[in-house]
Amino acid sequence: MNNYCSLCPNACKVDKNLTAGACGTNGKIKIAKYYLHPFEEPVISGKNGSGTVFFCGCSLRCVFCQNYELSRNNLGKEITANQLAEIFKELELSGAHNINLVNPTHYADKIIQALDIYRPNIPIVYNTHGYENIQMLEKLNDYVDVYLPDMKYFSPALSKRYTGKENYFDVASSAIEFMINSKPYLLGDDGLLKNGVIVRHLVLPQCTSDSKKILDWFSKFKEKAFINVMSQYTPFGNIENFPELKRKITQREYDTVIDYCLSLDIKNAYYQEFESANEKYIPAWDF
Ligand code: SF4
């Protein structure tokens, strides 16, 4: 019997209590910030903000990550499951509309521990890169009300280039299908999301054809979930060897993807203002 970590599809052959896995984290919880986040989708942030906790490390590690200081460099503060439960309570008392767990995958077991200590009376939002184990999602599903998964890449070559993983689409599409089938979309009387799935897709430079294939895939869920087509790509992270990533997307690229989305009659969609490609949307971290 071994203690190898299997929280995510990387299935590292490590005991996280002894050494860090591919996500860069050991058995301890590390966070970079928690606060009332005003810039999520309107049905998530509402008037007061989303009670967001940013976790350190990452099991996907895209080269262009805008949060690379925490996802790659693992800067942050170690806390216990008890302290995480206290943070949930503090955010709830400060008026948060929900608890928004950003990049939680590699802490799923610890998050369950914290929610067993304190379960807030507001929705729990699981905000993930989408590269998830279905078995872990089955364990989490009773704790989570809203999923905010990314769908980043369709092409295996593209996901391999930016994450080293050829199977991103296969894994993420199965995970998102599970999420959509288990959480019907439900808005409360206050207009905020209580249950459901919003799939996020970030349009990348020179990748409109990949974005179109993702929209083709999403269209079969268009009555059951929302998609947020995001324009906010900003050059960041470890992109020295990726010349195509050293610019923002163009208005033409974004319009091409939006027009395609409209042509598929996907009405449950969010679009972003073009000026969203701006560093001001990246929070100041509490290192
Ligand atoms: S959570 Fe981290 S250690 Fe565990 S399988 Fe995933 S990458 Fe490896």
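## Contacts of Val-199

Apart from neighbours within four places in sequence, Val-199 is in contact (C-beta atoms, placed from the backbone, within 7 Å) with Pro-149, Met-151, Ile-176, Phe-218, Ala-225 and Ile-227. The model is predicted: local features need pLDDT of at least 70, side-chain atom pairs count only at pLDDT 80 or more, and totals for chains, interfaces and linings use all residues. Numbering runs from 1 along each chain as its sequence is written.

## Nonpolar core

Val-199 is also among the residues with the most contacts inside the largest nonpolar core, together with Ile-31, Val-125, Tyr-126 and Val-203. This core has 75 residues. Helix α7 (residues 168–182) gives the largest share, 7 residues.

A nonpolar core here is a set of buried Ala, Val, Leu, Ile, Met, Phe, Trp, Tyr and Cys residues joined through C-beta atoms within 7 Å. Buried means 20 or more other C-beta atoms within 10 Å of the residue's own, exposed 12 or fewer, and partly exposed in between. Helices (H or I, at least four residues) and strands (E, at least two) are DSSP runs, numbered from the N terminus.

## Helix α3

In α3, the buried residues are Ala-81, Leu-84, Ala-85, Phe-88 and Leu-91. They lie on the same side of α3, because they cover an arc of only 120° around the axis, taken from the directions from the helix axis to the C-beta atoms. These buried residues pack against β1 (29–37), β2 (50–55), β3 (77–79), β4 (99–102) and α4 (108–117).

The face turned away from the buried side carries the exposed residues Asn-82, Glu-90 and Leu-93. Gly-95, with a positive phi near 100°, follows α3.

How values were computed: Contact = placed C-beta atoms within 7 Å.
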